[in-house]
Amino acid sequence: MSDTLFAKIIRRDIPADIVYEDDEVLAFRDINPQAPVHVLFVPKRPIATLNDVGEADAALLGKLVLAAARWAKQQGFAERGYRCVLNCNRDGGQTVFHLHLHLLAGRAMQWPPG
Ligand code: 5GP
């Protein structure tokens with residue numbers, strides 16, 4: 001997998017507004033927020049897309065989702081609600097090919113999405 005923008009953020013080569021970190025996950029605010037809260041949860045291990053996730057990555061994916069859910073609770077908006085999104089490839093709207101989970105909150109979300 002080629003070096004991505006998010007790999008550079010993980011290495012601190014590029015600055016980002018980091019809100020959460022553990023051994024396997026980094027979370028930082030999206031540069032172009034689509035909601036009052038828009039944070040990207042990224043596994044430190046580079047995986048390009050959801051299509052590249054295998055059985056060996058199951059625990060890591062679980063940790064990614066749990067980190068987002070715990071952070072939402074900690075921030076106090078979990079009860080009100082939020083949305084988690086994983087975009088995959090062109091039709092999914094993926095632009096950065098390092099797997100990431102968008103956590104959006106702070107406004108009512110529409111469904112279906114555009
Ligand atoms: P995707 O479209 O791949 O699901 O999401 C990529 C996200 O990365 C977009 O929401 C975009 O705004 C965000 N993004 C792109 N470049 C940067 C950057 O340099 N810093 C941060 N924090 N977010 C970025």
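Predicted model: local features only at pLDDT ≥ 70, side-chain atom pairs only at ≥ 80, totals over all residues.
1. A residue is called buried when its relative accessible area is under 20%, exposed when that area is over 50%, and partly exposed in between. Arg11, with a relative accessible area of 44%, is therefore partly exposed.

2. The overall architecture may be taken next. The secondary structure of the protein consists of three helices and five strands. Read from the N terminus, the elements follow the order α-β-β-β-α-β-α-β. The radius of gyration is 14 Å, close to the 13 Å that the globule rule gives for 114 residues, so the protein is as compact as a globular protein of that length. Along the principal axes, the C-alpha atoms fill a box of roughly 35 × 30 × 30 Å.

3. Of the 114 residues in the protein, 36% are buried. Among contacts with a separation of 6 or more, 53% are between residues 24 or more positions apart. The accessible surface of the protein is about 7000 Å², and carbon and sulfur atoms account for 52% of this surface.

4. Ile9 belongs to helix α1, which covers residues 5–10. Its relative accessibility is 7%, and because the limit for burial is 20%, Ile9 counts as buried. Which residues does Ile9 contact, leaving aside its neighbours within four places in sequence? The residues in question are Ile14, Ala16, Leu26 and Phe28. Phe28 stands 19 residues from Ile9 along the chain, and the C-alpha atoms of the two are separated by 9.0 Å.

5. Charged side chains form a further topic. The protein carries 13 positive and 13 negative side chains. The centres of these two sets lie 5 Å apart. The structure contains seven salt bridges, and the next points examine some of them.

6. Arg11 pairs with Asp3 in a salt bridge whose closest N and O atoms are 3.0 Å apart. Asp3 is partly exposed, at 44% relative accessibility, and Arg11 likewise has a relative accessible area of 44%. The pair is part of a network of salt bridges that links Asp3, Arg11 and Asp13.

7. A salt bridge also joins Arg29 to Asp17, with the closest N and O atoms 3.4 Å apart. Arg29 lies in strand β2 (residues 25–29) and Asp17 in the loop between α1 and β1 (18–21), so this pair ties together parts that are 12 residues apart in sequence. Arg29 is partly exposed at 35% relative accessibility, while Asp17 is partly exposed with a relative accessible area of 44%.

8. Where in the chain do Lys63 and Glu24 lie? These residues form a salt bridge, and their closest N and O atoms are 2.6 Å apart. Lys63 is in helix α2 (residues 58–75) and Glu24 is in the loop between β1 and β2, so the pair, 39 residues apart, links distant parts of the chain. Lys63 has a relative accessible area of 40% and is partly exposed. Glu24 is partly exposed as well, with a relative accessible area of 28%.

Conventions
Residues numbered from 1 in each chain as written. Heavy atoms only, no water. Helix = DSSP H or I, 4+ residues; strand = E, 2+ residues; numbered from the N terminus. Rg over C-alpha atoms; globule rule 2.2 N^0.38 Å. Buried < 20%, exposed > 50% of the residue type's maximum accessible area, 1.4 Å probe, protein only. Contact = heavy atoms within 4.5 Å. Areas by Shrake-Rupley, 256 points an atom, 1.4 Å probe, with all protein chains shown as cover. Lys, Arg positive; Asp, Glu negative; His and termini not counted. Charge placed at Lys NZ, Arg CZ, Asp CG, Glu CD. Salt bridge = Lys/Arg side-chain N within 4 Å of Asp/Glu carboxyl O.
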